Amino acid sequence: MNYSGDHGVALAPDEIDELAGRARDGDRDALESLLAEVRPRVLNICRGVLPYSGDAEDACQEAMLNVATRIGSWGGRGRFTTWLHIVAVNSARTTYRRLKNLATPTDFEDGAHDRPDPRTTSVIAGTRLDLLEAMDTIERDHPQYVEPLLLRDVYGLPYDEIAALVGAPLGTVKAQIHHGRKLARPLLRGER
C-alpha cells in the first residue's frame, strides 16, 4: 500500500478506513502513517474556520493530538474522515474560543493594548467566525443542534452519514438541523 507520506499518492477512503482501523487497534506505524496522511485535510478544515493561518496551524496541531489520543473512540461505523471532520471542527472551535477570550483586554494600565494584536483582531473580525459565534450561542441552550448543523451546512455531509456519526435516527438529525437553522438565522443577521 502506498501511503501519501511515502510516495505522494493520496489514499482512497477505504484505505484510510483500513489504516485507521489498524491504528485504533494499536499499530503504531499505522497511526504515524495515518497522521501523515490526514494532516493536510485537517489543516484545510481548520483554515476553513480560522482566517489567520497561525491559528489554523494551532487548531490543526490540537486536532492531530486528539486523533492520536482518541482514535479508540472512532467506532468504525462511518468513514474515518467523517469522524476526523468532527475532531478538526471541535479543535478549531476550541482555538477560536481561546483566542476570543484572549482578545478581550483586561489590563489597560500598562499601555500594551495601544496597538491591536493583528492575530486576535483578524479572529474577531473574520466573517467565517460569525457562524462559530452563533454556534456558541445556540450551544448554551441546545447543544444537540450544533454538531449536526456544522456537519451539514459547513462540511456538506449527507444526512445519513451525519446520523450514523452522531448515533441518532435520520429523522432526528433532520429535525435537529432544521431547528438549528431556525435558531442560527437571526444570530447570523445580527438580531441578537
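Predicted model: local features only at pLDDT ≥ 70, side-chain atom pairs only at ≥ 80, totals over all residues.
Let's start with H3 and H5. Helix H3 covers residues 28–49, and helix H5 covers residues 80–102. Their axes come within 9 Å and cross at roughly 50°. The crossing of H3 past H5 is right-handed. On the H3 side, the contact is made by Leu-34, Val-38, Arg-41, Val-42, Ile-45, Cys-46 and Val-49. H5 brings Phe-80, Thr-81, Leu-84, His-85, Ala-88, Val-89 and Ala-92 to the contact. Sorted by class, the H3–H5 contact holds 11 nonpolar residues, two polar ones and one charged one.

Is Leu-50 buried or exposed? Its relative accessible area is 1%, and buried means under 20%, so Leu-50 counts as buried. Leu-50 and Leu-132 are 82 residues apart along the chain, yet their C-alpha atoms are separated by 9.8 Å.

Now for the stretch with a record attached. An unreviewed UniProt entry annotates residues 143–182 as "domain: RNA polymerase sigma factor 70 region 4 type". In the model, this span is 80% helix and 0% strand, and its end C-alpha atoms lie 14 Å apart.

Helix H8 takes up residues 143–153, and helix H10 takes up residues 170–188. The axes of H8 and H10 come within 8 Å and cross at roughly 90°, so the two helices are roughly perpendicular to each other. From H8, the residues in the contact are Gln-144, Tyr-145, Pro-148, Leu-149, Arg-152 and Asp-153. They meet a set of H10 residues that includes Val-173, Ile-177, Arg-181 and Leu-183. Seven of the residues in the H8–H10 contact are nonpolar, four are polar and three are charged.

H10 also packs against helix H9 (residues 159–166), at an angle of about 105° and with the axes 9 Å apart. This angle lies within 65 to 115 degrees, so H9 and H10 are roughly perpendicular too. Here Tyr-159, Asp-160, Ile-162, Ala-163 and Val-166 of H9 meet Leu-170, Val-173, Lys-174, Ile-177 and Arg-181 of H10. The H9–H10 contact has seven nonpolar residues, three charged residues and no polar ones. Val-173, Ile-177 and Arg-181 of H10 take part in both contacts, the one with H8 and the one with H9.

Terms used:
Residues numbered from 1 in each chain as written. Heavy atoms only, no water. Helix = DSSP H or I, 4+ residues; strand = E, 2+ residues; numbered from the N terminus. Buried < 20%, exposed > 50% of the residue type's maximum accessible area, 1.4 Å probe, protein only. Axes fitted to C-alpha atoms, helices over the stretch in contact; angles between N-to-C directions. Left-handed = near helix turned anticlockwise from the far one by under 90°. Contact = heavy atoms within 4.5 Å. Nonpolar A, V, L, I, M, F, W, Y, C, P; charged D, E, K, R; others polar. Parallel < 35°, antiparallel > 145°, perpendicular 65-115°, else oblique. UniProt positions renumbered as here; feature names shortened; annotations may be inferred.
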